[in-house]
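This report goes through one protein chain, from its overall build down to single residues. Keep the structure in view while reading.

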Amino acid sequence: MMYTASFYQPQNWVGKLYRVSRQHPRGFKTQWETLSFFYPPLDLLKGYRAGNLTFEEFGSAYEQYLEIKYRTSTVPSWLNQLPAVGDFTFLCFEKDGLPCHRWVLARWILEKMPDLQGGLLL
């Protein structure tokens with residue numbers, strides 16, 4: 001089952017942990033695998049943080065980016081191994097409950113893999 005959570009709320013981490021943020025959180029010992037192919041593009045992050053993009057615009061552009069990655073990288077083979085992983089959590093900086101790219105990523109993956117189940121997507 002797929003979960004999402006903030007680095008800052010480890011009580012919500014379930015199973016294997018994957019960092020999907022561009023940065024490693026300060027003060028944390030590495031406890032996760034890094035998935036750089038799911039990092040949102042820097043220009044999208046900067047545009048969203050500057051207020052030039054709404055979260056919906058950011059999410060739409062990030063989904064387009066994920067589609068390109070899906071067609072041009074190892075993403076399909078990585079996705080195909082997910083059922084064998086069991087429970088896993090995508091981690092990034094946003095506090096639980098705030099709009100975050102990990103939600104967009106989780107929805108996108110569930111569209112690609114309808115048999116995969118989504119757990120608590122914070």
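## Overall build

The model is predicted. Its protein chain holds five helices and five strands. Read from the N terminus, these elements follow the order β-β-β-α-α-α-α-β-α-β. With a radius of gyration of 14 Å, close to the 14 Å that the globule rule gives for 122 residues, the chain is as compact as a globular protein of that length. Along the principal axes, its C-alpha atoms fill a box of roughly 40 × 35 × 20 Å.

Of the 122 residues in the chain, 41% are buried. The chain exposes about 6600 Å², and carbon and sulfur atoms supply 51% of that area. Contacts also show how the sequence folds back on itself: among those between residues at least 6 apart, 65% join residues at least 24 apart.

## A residue in strand 4

Strand 4 covers residues 88–92, and T89 belongs to it. Is T89 buried or exposed? Its relative accessible area is 0%. The cut-off for buried is under 20%, so T89 counts as buried.

The side chain of T89 reaches the backbone oxygen of V14, at a distance of 2.7 Å. Beyond its neighbours within four places in sequence, T89 is in contact with Y3, T4, A5, N12, W13, V14, K16, L17 and Y18.

## Salt bridges

How many salt bridges does the chain have? The count comes to four. Side chains of opposite charge can pair when their charged atoms come close.

One of the pairs is K16 with E33, whose closest N and O atoms are 3.4 Å apart. K16 lies in strand 2 (residues 16–19) and E33 in strand 3 (residues 33–34), so this pair links distant parts of the chain, 17 residues apart. K16 is partly exposed, with a relative accessible area of 37%. E33 is also partly exposed, at 33%. K16 was named above as well, among the contacts of T89.

Another pair is E63 with R107, the closest N and O atoms being 4.0 Å apart. E63 sits in helix 2 (residues 55–72) and R107 in helix 5, so the pair ties together parts that are 44 residues apart in sequence. E63 counts as partly exposed at 28% relative accessibility, and R107 is partly exposed at 41%.

D96 and R102 form a salt bridge too, with 3.2 Å from N to O. Are these two residues buried or exposed? Both D96 and R102 are buried.

## Helix 5

Helix 5 runs over residues 101–112, which makes twelve residues.

Which residues of helix 5 are buried? They are H101, R102, V104, L105, A106, W108 and I109. An α-helix has 3.6 residues a turn, so residues three or four places apart point the same way. R102, on the list of buried residues, is the partner of D96 in a salt bridge. R107, in helix 5 as well, is partly exposed and pairs with E63.

Technical notes. Residues are numbered from 1 along each chain as its sequence is written. This is a predicted model: local features need pLDDT of at least 70, side-chain atom pairs count only at pLDDT 80 or more; totals for chains, interfaces and linings use all residues. Side-chain values use heavy atoms; hydrogens and water are left out. Helices (H or I, at least four residues) and strands (E, at least two) are DSSP runs, numbered from the N terminus. Buried means under 20% relative accessible area, exposed over 50%, partly exposed in between (1.4 Å probe, protein chains only). A polar contact is a pair of N or O atoms within 3.5 Å; within protein, one must be able to donate a hydrogen and the other to accept it, and residues adjacent in sequence count only if both atoms are side-chain atoms. Contact means heavy atoms within 4.5 Å. The expected span of a helix is 1.5 Å times one less than its number of residues. A salt bridge is a side-chain nitrogen of Lys or Arg within 4 Å of a carboxyl oxygen of Asp or Glu. The radius of gyration is taken over C-alpha atoms; the globule rule is 2.2 Å times the number of residues to the power 0.38. Accessible areas come from the Shrake-Rupley method with a 1.4 Å probe; for residues, only the protein chains shown count as cover.
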